[in-house]
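Work through the exercises below with the model open beside you. Try each task before you read its solution.

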Amino acid sequence: MEANTRSTGRLPAAFLTPGSSSFMDFLSDHSPEILPGNRSLPPLQGAVEAPHGTTIVAASFPGGVVLAGDRRATMGNMIAQRDIEKVFPADEYSAVGIAGTAGLAVEMVKLFQLELEHFEKVEGATLSLEGKANRLSTMIRGNLAMAMQGLAVVPLFAGYDVDREKGRIFSYDVTGGRSEEHGYAATGSGSVFARGSMKKLYRNDLTEEQSLTLVVQALYDAADDDSATGGPDVARRIYPIVTVINDEGFRRLDDAESSEIARAILERRLEQPDGPRAALL
């Protein structure tokens, strides 16, 4: 048996001695057909109808960052799912919120999680937050062919930078172009309305608790004007996914915590349907 097919147990020797710290490069060498960007698609016959995730928001505060998303997925003018998961931990100190084609986005997040885990195991150290943001950019660029056919994935990446001791936010376009956002950011179909909401309410001295309220307010405003964004669903007990990343790592608020914030906002909106007012000057 040739050297590259010798194995220990069931795995070929090549699988036990990866030559790269990148899991994506490893797949490219051994199973390139698995990568989403290498799959061949049939010719398009009209618009692609696939479930799409919508609005993701993020806001930084002294000591960390908050990342949140609504729960609705749409397919054309229909609601495809009311309780989709759109925010995922990437590793201990970072997270990804997904917008775009839901199936591909979830697959990309899983590959990204493996990418970071693979690097840590091979190198014996974790990537810097900047390095993680760059790796995600490369993965999005690898999906460009599908994006050009309407199957785009546009995530929002946020994490706690242990070197700089601060929360940071990165946004992307469909080509993998990466931009660091300062203070707050949004992506997805309701992002225009969410960003406008945060623009008037954000301050760089917000506490963690205030930042949590800010992002849920922004999602509420997005749902108020964008039919593809789902607001808090009290009847079904479906509330936004809200996460915090700080020096203690990633934490997702449980249903009791997120519902408490959402219900408090709903109560206030009964008095002020358009939400809190910012000072004129």
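**Exercise 1. A charged patch**

Task: Find which residues gather in a patch of negative charge on the surface, and place Asp163 in the chain.

Solution. Step 1: The patch brings together Asp163, Glu165, Asp247 and Glu248. Asp and Glu count as negative, Lys and Arg as positive, while His and the chain ends are not counted. Patch residues have over 30% relative accessible area and no salt bridge, and like charges are joined within 9 Å. Each charge is placed at NZ of Lys, CZ of Arg, CG of Asp or CD of Glu. Accessible areas come from the Shrake-Rupley method with a 1.4 Å probe, and for residues only the protein chains shown count as cover.

Step 1: Asp163 sits in the loop between β11 (156–161) and β12. Helices (H or I, at least four residues) and strands (E, at least two) are DSSP runs, numbered from the N terminus.

Step 2: Asp163 counts as exposed because its relative accessibility is 62%. The cut-offs are under 20% for buried, over 50% for exposed, and partly exposed in between.

A note on the source: this is a predicted model, where local features need pLDDT of at least 70 and side-chain atom pairs count only at pLDDT 80 or more, while totals for chains, interfaces and linings use all residues. Residues are numbered from 1 along each chain as its sequence is written, and side-chain values use heavy atoms, with hydrogens and water left out.

**Exercise 2. Positive phi**

Task: Glu165 is not a glycine; what is its phi, and where is Glu165 found?

Solution. Step 1: Its phi is positive, about 55°. Step 2: Glu165 is in the loop between β11 and β12. Step 3: Glu165 is exposed, because its relative accessible area is 59%.

Now take Arg237. Arg237 is not a glycine either, yet its phi is positive, about 60°. Its place is the loop between α7 and β15 (241–246). At 64% relative accessibility, Arg237 is exposed.

**Exercise 3. Salt bridges**

Task: Name the partners of Asp161 and say whether Asp161 is buried or exposed.

Solution. Step 1: Apply the rule: a side-chain nitrogen of Lys or Arg lies within 4 Å of a carboxyl oxygen of Asp or Glu. The count comes to 16 salt bridges.

Step 1: Asp161 meets Arg164 in a salt bridge, 4.0 Å from N to O. Asp161 also forms one with Arg168, where the closest N and O atoms are 2.7 Å apart.

Step 2: Asp161 is buried, because its relative accessible area is 5%. Arg168 is buried too.

Step 3: Glu208 and Arg251 form a salt bridge, with the closest N and O atoms 3.9 Å apart. The pair links distant parts of the chain: Glu208 is in helix α7 (residues 208–225) and Arg251 in strand β16 (residues 249–252), 43 residues apart. Glu208 is partly exposed at 26%, and Arg251 is partly exposed at 35%.

Step 4: Shared partners join Glu130, Asp161, Arg164, Arg168, Arg178 and Glu180 into one network.

**Exercise 4. The nonpolar core**

Task: Which residues of the largest nonpolar core touch the most other members?

Solution. Step 1: Define the core: buried Ala, Val, Leu, Ile, Met, Phe, Trp, Tyr and Cys residues joined through side-chain atoms within 4.5 Å.

Step 1: This core has 24 residues, and Val96, Phe112, Phe157 and Tyr172 touch the most other members. At least two core residues come from each of β8 (87–91), α3 (102–123), α4 (129–142) and β12 (166–172). The largest share, 8 residues, comes from α3.

Step 2: Another core, of 23 residues, lies apart from it and includes Val57, Val66, Tyr202 and Leu206.

Notes:
Buried means under 20% relative accessible area, exposed over 50%, partly exposed in between (1.4 Å probe, protein chains only). Patches are made of residues with over 30% relative accessible area and no salt bridge: like charges are joined within 9 Å, nonpolar side chains (Val, Leu, Ile, Met, Phe, Trp, Tyr) within 5 Å.
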